[in-house]
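Good morning, and thank you for joining. I would like to take you through one structure this morning, beginning with a detail of its packing and ending with the chain as a whole.

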Amino acid sequence: MSAQAGHGASVRIEACGKTFADGTRALEPATLEIARGETLVLLGPSGCGKTTMLRIIAGLELPDAGGRVLFDGKDMTAVPIERRNVGMVFQSYALFPNMSVSDNIGYGLKIRGVPEKERAARVAELVALTNISGLENRRIDQLSGGQRQRVALARAVAIRPGILLLDEPLTALDAALRDRLRGELNRLLRALGITTIYVTHDQSEAMELGDRVVVMQKGKIAQIGTPREIYFTPNSRFVAEFIGAANIVEAAIENGHLVLPGGRQPIDGDANISAAVAMIRPETIRVLAAESAPLSGVIDSVSFIGDRQRLVVSGVSNRSLTVDAPNTVRAKSGERIGLSISPDAVRLLPPER
Amino acid sequence: MRDRLIFIGQFIFTLLVAGFLVVPAILSISAGVTVNYFRGIQSGVTLQWVAQVWELYAGTILLSFVVAFATLAATLVTGVPAAYALHVRGGRLSRIVEEIITLPLAIPGLAIALALLLTYGGFGDFRRSWLFILVGHVIFTMPFMVRSVMAVFATVDIKTLDEGAASLGASPWRRFRDVIVPNALPGILAGSLMVVTLSLGEFNLTWMLHTPLTKTLPIGLADSYASMRLEVASAYTLIFFVMIIPLLVAMQLFAEKEQKR
């Protein structure tokens, strides 16, 4: 579903920073726009300020003086969360232990004075949508982690919020369940088409769920872009290494080539610099016979993963290079192999500021 | 064989300790229904002492319960919201306030009473009414309510539940009513149990604050020990037991049921 066809409110935050009472700066003043119906993922390691930004949008934290939060162009900065019409899923789910599953889902509707009959119909609709039929009368402590996650989502969506806010909703689950629910959540978010802001430290969640991803580092926005942009054209070493696996290569440049210990690697674009830091994704490197390849090195280790095998090759660049090779390639550690990299797979990173 | 000997040894020791603690209570209670304690139980069993105590102290006993439940009401109305505010706000100021609330645990009741008398003793009507005792009891029992409610808040992550309810549109009052109080119920019950029991049994603070017309159960007890025959004082103890034990058992059962839920 495209952004134009989506539901909910658009969000704009202006110069929102956050300094806590003890003086720690959780968030540098940041400005960000989220279109109606868009799913925006705030991604970064713990302590990067992503949760603080979400809480400012939710109305659970006030931004420092000068910061503003706007929903559909209306200034909401001073409006408390209970009057912002946001649906929120907390990392710990915050389900009410004193209420049944259906009372939890219906609570926001009850607050809004929705008549009981209508409420029951809406709860039934969400129970079906989130696949938790049969659990309506359970107590919260009788639910598994995955079921709790669904109830929390159903409860947040029940009130038809203008904006859906999710704070690491899958982090509390084990890996297999997390993968399954990620796909389910993706389909659900697409079906709802509601403006969604999703906080996670997991880059695969960010890739799958986000229309756009905001990568954050130490309270600052490091890069904003679509998952493809973030993956293929990271603008810093931090983003390159945080998203997926990346080889970072430091080398001198001569006549449009990186000069490496294992050979010369052609590059695209601006060659008017004498040295560069480049990023090369492991899956863009092709394995060839040592004699006929532009680059060569010695295999340090081979890890068979199943759908591919991961080789660590030394002697090509200033540090060992990780290469994802097809699972049919025969490789043994200690062997000499040849490598070839397409020039457009080499991404020159801007010098660190 | 050896295990059995150890078990029997432990069992006998336990019985002795229990006996040491229980026998005085039994003796005291039985003295209350004996015609003449010095001649022993052969002198006959009677309820006359109990009747006499009831006649003399019915007002005192009633007042004790009035004070106890008024204390409970006051600690519920102020203590539960206070615990909520202290927990949600957090930080240094909250810790200081918590310490101040807890202070009456460490300060002797006599000193608190003296301070109250010095400050408010001049307000005659207030000084003479049972409300003066109520104030003392609220000061003394408040930390038990606040602390037991805060202990529950710490285990159920009440702050996130509160935020969850807020995100669904609930006003602070609705949140307090629908989410905070129901989830703090075990703590509120435990706190209530403490408050009522402590208020009913409180002596040293009340002793300083009471007037001849505002006496509570323990003051009446001291009064009868000092001025009446032993059988009357013992009958008083009996009444005290009969009053307080069902109350304690009821609240304990209620608390247990709540915990199992």
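Helix 1 of chain A, residues 50–58, lies across strand 1, strand 2 and strand 4 of chain A. Its direction makes an angle of about 120° with strand 1 of chain A. Please keep in mind that this is a predicted model.

Now to the sheet itself. Four strands of chain A form an open sheet in the order 2-1-4-5, with antiparallel pairing. At the edges are strand 2, residues 25–34, and strand 5, residues 74–75, of chain A, each of which pairs on one side only. Strand 1 of chain A, residues 11–19, is joined to strand 2 of chain A by six bridges in the antiparallel sense.

Which strands does strand 16 of chain A pair with? One partner is strand 19 of chain A, residues 336–341, which runs antiparallel to strand 16 of chain A and is joined to it by four bridges.

Let me turn to chain B. Chain B has 11 helices and zero strands. Its radius of gyration is 23 Å, well over the 18 Å that the globule rule gives for 261 residues, so chain B is more spread out than a compact globule. Along the principal axes, the C-alpha atoms of chain B fill a box of roughly 75 × 70 × 30 Å. Buried residues make up 36% of chain B. Of the contacts in chain B with a separation of 6 or more, 76% are between residues 24 or more positions apart.

Finally, where do the two chains meet? In chain B, 16 residues are in contact with 18 residues of chain A. Helix 7 (158–167) and helix 8 (172–201) of chain B are the elements that give two or more residues to this side. Helix 7 of chain B gives the most, with six residues. By class, the side of chain B that touches chain A has seven nonpolar, six polar and three charged residues.

Thank you; I welcome your comments.

Conventions
Residues numbered from 1 in each chain as written. Chains lettered and ligands numbered in written order. Predicted model: local features only at pLDDT ≥ 70, side-chain atom pairs only at ≥ 80, totals over all residues. Rg over C-alpha atoms; globule rule 2.2 N^0.38 Å. Buried ≥ 20, exposed ≤ 12 C-beta atoms within 10 Å, placed from the backbone. Contact = placed C-beta atoms within 7 Å. Nonpolar A, V, L, I, M, F, W, Y, C, P; charged D, E, K, R; others polar. Pairing = 2+ DSSP bridges. Axes fitted to C-alpha atoms, helices over the stretch in contact; angles between N-to-C directions.
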